Amino acid sequence: MISNNKLQFKMAALLFLIVSSTFAQSILPPIREWHGKSESLIAKPNNPWITPAEKSGFSTTPSYSETINWLKKLADASPLLSIVSIGKSPEGRDIFMVIASSEKTVTASALKKSGKPLLLVQAGIHSGEIDGKDAGMMLLRDIAFGNKKQLLGKVNLLFIPILNVDGHERSSSFNRPNQRGPQNMGWRTNSQNLNLNRDYAKIDTKEIRAVIKVMNEYDPLLYMDIHVTDGADYQNDITYELYENQGYSKSITNWLTSKFKTNVDKDLASNGHVPGEQLTPVNDRDFSQGNLLTIGEPRFSNAYGDLRHMASVLIETHSLKPYKQRVLGTYVLLESVLKVLASDGQLLKQNTLSDRANRESKMNMRWKVPQMANAMSLDPQFNSVKKNNLAKAPDSLKLLGISSNILKSSLTNADYVTWTGDPITMTIANFKGSEPIDFVTRPKGYYVPPTCDEVIARLKLHGIQMEILQEPKEVTVEMYRIQDAKFQNDGGKLLPFEGHMQVTGTPVPETRKEVFAAGSVYISTDQPLGDLTMLLLEPKSPDSYLSWGFFDQIFQRTEYIEAYVMEPTMKKMLEDSPELQKEFEQKKVQDTLFANDPNAIYTWFYSKTKYYDSRYLLYPIGIEL
């Protein structure tokens, strides 16, 4: 029995949460009332399979246990659905996946043999952005017991309702202050404080390892990652990021542009929604200086999928739209994608095979924004993208926007944007990060020594094929000496990012005879994941394992020499070599810091002796050209 004092305390705490949450919602930009045809998708109150979100009027979203229990009951009641665990989170929760199929056997191999296009949908990678979970639950209900069974006639579906299951349970009304509902939102990062949508290349996390295992075992034809936006206001409620005629999978992106985009836009609009491409203000504030669309590194879900040559789309519902509107729009989107795969999935299969068979002679490691306005962002990482870009005329974009005002803060004395809620249509500059840079010639393959066992293990997790050397092998290879290494910092202070200290440097190639010990692996680039291999092993790539700090040991010296040894040694070296004497004098003239630094001078001479560590700064990966 609860005492009066405890009851009063709980009631006061609940009242505080309600008042605080109401205040948080009241300071968001004005909202326009919305109604659309998709409202007919909401279950009647007496429907035995009404979802928890529908039952609450889309004011809340169910907890992890409520979600999984509801899905398990649904799967138990329908022969079209089954539910499996694809892995466990750091805190030990199962990460569940629902398999929706009319096939009698739904193993990975059986689904492949069916010949049907396979759609993989993932919700809750950022668990406060949970629209995909509640939309997927509604759609699965209607497939099982509504009038949507025919959706599985020509397509199979894999649905991960919550990927970041630990973050989902760090639920609060105060997790996403710029999002309009639901009342309870999960946390962005996982229980290790890692952003899962920055982990696809380095695969530190159990959650992303589970997803990539699904990709390797089931080989989905199309992969969708569902998010909710941050930032600016506009009329669109469902946006998506796909690489139109860009990226590493040109045939796939052609299909996404001609088939996916065309059909999805039509279906969303006919149901009262406003679809469009992902919108990001160039100045990180409003659209007065244009929109920016970039191609990300393979640390991101859709960029990783593009590099794997797997059709991939990142969905962003608009955070300032009501939760009901966002969930219903996501439902319409998912249904539309199942239909387009049924009608045009075989063409996507052909395009996918074409991209996977392609072997570009040169691969770009990064993408550059080729046209840029004179604007600066509040995000320093965004500003770094903008540096040294060419000033060319951008494309134009018809923006269905929301009018805004720029006000001066009385507290910070800086300008900030406010949104009026009034719709406007305007033509703006549309900057696209479509210029490939930092090209690397495609090698035949890579040798990775057994000392790099952690890197080898992660390459295997990606599904990359490799040959294990059973005995030592001497080969002539190209290797890189990493010069001018710089560790990520902020004003001189080392700055960790996603649990790593990132490093950049200049890879200087040299040809060497190298013996690779038994247990080394050889990875040919003549494989479907050859492009991914290159971006993980080439130092120029921002998402290489060198960049993520897996080879930091090469940057430390472990043998030294004393001044009393170097002094006579240096004099003897200069006496024996007039060329060295000339080089030394020139370096002192050209580099005054060097000329006044005894340790630098000793090191310079030491590096020219046979005593110097020949493997200092040597990246241990061998490249077969």
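Before we click, one term: contact means heavy atoms within 4.5 Å. This is a predicted model, where local features need pLDDT of at least 70 and side-chain atom pairs count only at pLDDT 80 or more, while totals for chains, interfaces and linings use all residues. Residues are numbered from 1 along each chain as its sequence is written, and side-chain values use heavy atoms, with hydrogens and water left out.

**Stop 1: Thr476.** Select Thr476, which sits in strand E16 (residues 473–487). Strands (E, at least two residues) and helices (H or I, at least four) are DSSP runs, numbered from the N terminus. Is Thr476 buried or exposed? Its relative accessibility is 52%, so Thr476 counts as exposed; the scale runs from buried (under 20% relative accessible area) through partly exposed in between to exposed (over 50%), with a 1.4 Å probe and protein chains only. Now show its partners: leaving aside neighbours within four places in sequence, Thr476 is in contact with Thr511, Arg512 and Lys513.

**Stop 2: helix H3.** Next, select residues 64–77, helix H3. Colour Tyr64, Thr67, Ile68, Trp70, Leu71, Leu74 and Ala75, which are buried. They cover an arc of only 160 degrees around the axis, which puts them on the same side of H3; the arc is that of the directions from the helix axis to the C-beta atoms. Turn to the other side of H3 and you'll find Lys73 and Asp76 exposed. What covers the buried residues? Among the elements doing so are helix H2 (52–55), strand E1 (81–88) and helix H5 (131–145).

Stop 3: A cavity here is a set of points, on a 1 Å grid over the protein atoms alone, where a 1.4 Å probe fits but cannot get out; lining residues have an atom within 4 Å of a point. The structure holds 4 cavities of 30 Å³ or more, a volume being the space filled by probe spheres set on the points, with grid points joined across faces, edges and corners. Select its lining, including Tyr243, Ile252, Asn302 and Met310. Helix H8 (250–270) gives the most to this lining, with 3 residues.

**Stop 4: the second largest cavity.** Finish at a volume of about 50 Å³, lined by Tyr240, Glu241, Leu242, Glu244, Glu277, Leu293 and Lys432.

How values were computed:
The expected span of a helix is 1.5 Å times one less than its number of residues. On a 1 Å grid over the protein atoms alone, a cavity is a set of points where a 1.4 Å probe fits but cannot get out, and a pocket is an open set with protein on both sides within 12 Å along at least five of seven lines; lining residues have an atom within 4 Å of a point.
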